[in-house]
Amino acid sequence: MNWTLIRGSARRAIVCAMLLFWAAFLAGCKHPSETAELDAADPQSDAGKETVATADTVDVKSCDGENTVQVAKGLTGQAMADALMDQWQRNHPEANWVTEEKEKHVFLPPADNSALLQGDQGKGHVYGNFTERDLITWAREAEKFVAEGSRIFHSGDELGSQIAVSCDMCHPHAANTHPETYPKYQVQLGRVVLLRDMINWCVENPVRAEPLDPNGPKMRALEAYIMAQRKGTVMEYGKH
Amino acid sequence: MATHPSVETKYMEERRELFHGIRNLERRSFLKVSAAALGASAGLAYPHSFTPVSVAQGAEDTGSDQAFRFAYVSDSHLYEKDVNDRFVRGLLRAVDDVNNLDPQPDFVFYGGDLAQLGQEKELELGAQILKNLKAPLRIMVGEHDWYLDMGQKWQELFGDPTYSFDHKGVHFVVLNSVVEADFWTERNMTPMERMMTVAGLDNSLQSPFTVGQTQRKWLQDDLEKLSDDARLIILSHSPLYKLYKPWNFWTDDAEEVQAILNRFKNVVVIHGHTHQLLTNRIGNIHFHGVLSTAWPWPYAPEGMPELTIEMSRPDPFNPNDGCGDGEVHVHPDGLVDKIYNLWNRNPVSVTAAYTASGGSDSVPPKPNRPSY
């Protein structure tokens, strides 16, 4: 199962639902200033309850065609959006997993690209014109990839260890993994290897698990985490 | 007090004393002892009838200012045997090592983290294996032993984690230095979530280790009767200084503990937790780490003490490399030679002369390759 994908589609669903609401609101709402009946959408008051449409609420089906959300009639747009967000978050308690992973296993932030926003943004060039939003997207997505690696690195279950061993037990914060020294001739293997080969060696031996697909999502995420932890280190392939 | 009065230990103790006794024997008592030994070996008497051996205990066991040695085993991180056999084999090997020491050490000190996740079965397995030690056991608690049930099972097996004892004129103090402030209630963690958090060396949701006010007060009181030139050895799981906070190679109230130890001429602190050769000295206090039987840890990326001669990088292709056990030779002045018995390498001895000279004399051999 791929977390990123699930979350992506769930997010799309919620955005769709919000758009629907705005449409409903603009078309039919008779009292735009009224903010009554927020209770019906209060996350505390209806948490865990089966929602049943009453005279005071409306059912709205989100674009995935499966989820139905109920919101009080007569809400303002913002309140409706908040209500939907609350509901979505209740259904997805793991939604903050990146923040949580970062808090638990602190890793370095991606490079600061804010200099790109300074000065004369390329006149007459489309490529190279960046907005703050671009920078936020890059950082968020890169971090998410690394967080996924961190999650796997720290979990014997994710790695498929038969002896309940994870990488962090021997490599806290990915210490002593030296990604900057690859490719290098690994004496014990008798050939030149890439970082992923050595990762898989540790997966099979100290961790005692089936080797990972070298191009699979887990290996890619592990590489991402390990590389990210050596930010600022000089690349020195072949170093022993 | 955390010794094992098990049948096996008692038997081994008595056996050891018998042979010790035989060595110091005068002619007349020989018959008495050998009769007992004969009885035992012929199965006529239960091993406990070794009692007459106290016969020739000379001044050796009562006097002060003597040299003696004890062994250490530490950080085995046991899972249940069918979950992980590798770590179990590590501890078994260490027990064999220590049992093969001849002459036997006065006692064996276990440095904490017997279990990986503090589970009853893990601790029981550890206790069972340690019962095979011939020499008496002194044991200390580590964070992996504690944070599932907050020490309940460990204490049931081994008693109070904070205690002191005297041996051949040296005052030994054993501390629980892994006291963490409550980070779990606020986060609504289950006991296992709390345990898993503490078990992650690089998990920063947990609090820093401390000795804590209660134990500091206890320590102060416990040491009160000692003169400033007393021989004093403190055993703690975390290093009683501040090395590297992100991995809890750290004791948050280290300065307060050091202040209590300040008045003594020499103090030796021996600690577990760091799984590596580690040497430090802060004023009168000489610090030594111990090896793990499970896996070696990388050195902290910053703040390494100057006196430490780092072992070179472990071989990932040999799960025993960088692991081991060892011995502590206590000198009449209270300082120690710390022997690291590395399983896949030559043993390394970090001597009293080395720490006392601040690193200029008797320098341990530098490894052939960097630790990096």
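Reader: How do the residues of the lining of the second largest pocket divide into nonpolar, polar and charged?

Author: The model is a predicted one, in which local features need pLDDT of at least 70, side-chain atom pairs count only at pLDDT 80 or more, and totals for chains, interfaces and linings use all residues. Residues are numbered from 1 along each chain as its sequence is written, chains are lettered from A and ligands numbered from 1 in the order in which they are written, and side-chain values use heavy atoms, with hydrogens and water left out.

The lining of the second largest pocket comprises twelve nonpolar, ten polar and eleven charged residues. Here Ala, Val, Leu, Ile, Met, Phe, Trp, Tyr, Cys and Pro count as nonpolar, Asp, Glu, Lys and Arg as charged, and the others, Gly among them, as polar. A pocket is, on a 1 Å grid over the protein atoms alone, an open set of points where a 1.4 Å probe fits, with protein on both sides within 12 Å along at least five of seven lines; lining residues have an atom within 4 Å of a point.

The space in this second largest pocket is about 960 Å³, a volume being the space filled by probe spheres set on grid points joined across faces, edges and corners. Of its 33 lining residues, those closest to the centre are A:Lys104, A:His105, A:His154, B:Met196 and B:Asn203. Two or more lining residues come from each of helix 1 (3–28), helix 4 (97–104) and helix 6 (156–159) of chain A, and from helix 7 (191–199) of chain B. Helices are DSSP runs (H or I, at least four residues), numbered from the N terminus.

Elsewhere in chain B, an open sheet of six strands has the order 4-5-6-9-11-10, with mixed pairing; strands are DSSP runs of E, at least two residues, and two of them pair if DSSP finds at least two bridges between them. Its edge strands are strand 4 (163–167) and strand 10 (279–282) of chain B. Strand 9 (267–271) and strand 11 (285–288) of chain B pair in the parallel sense over four bridges, and B:Val268 has B:His286 in strand 11 as its bridge partner.
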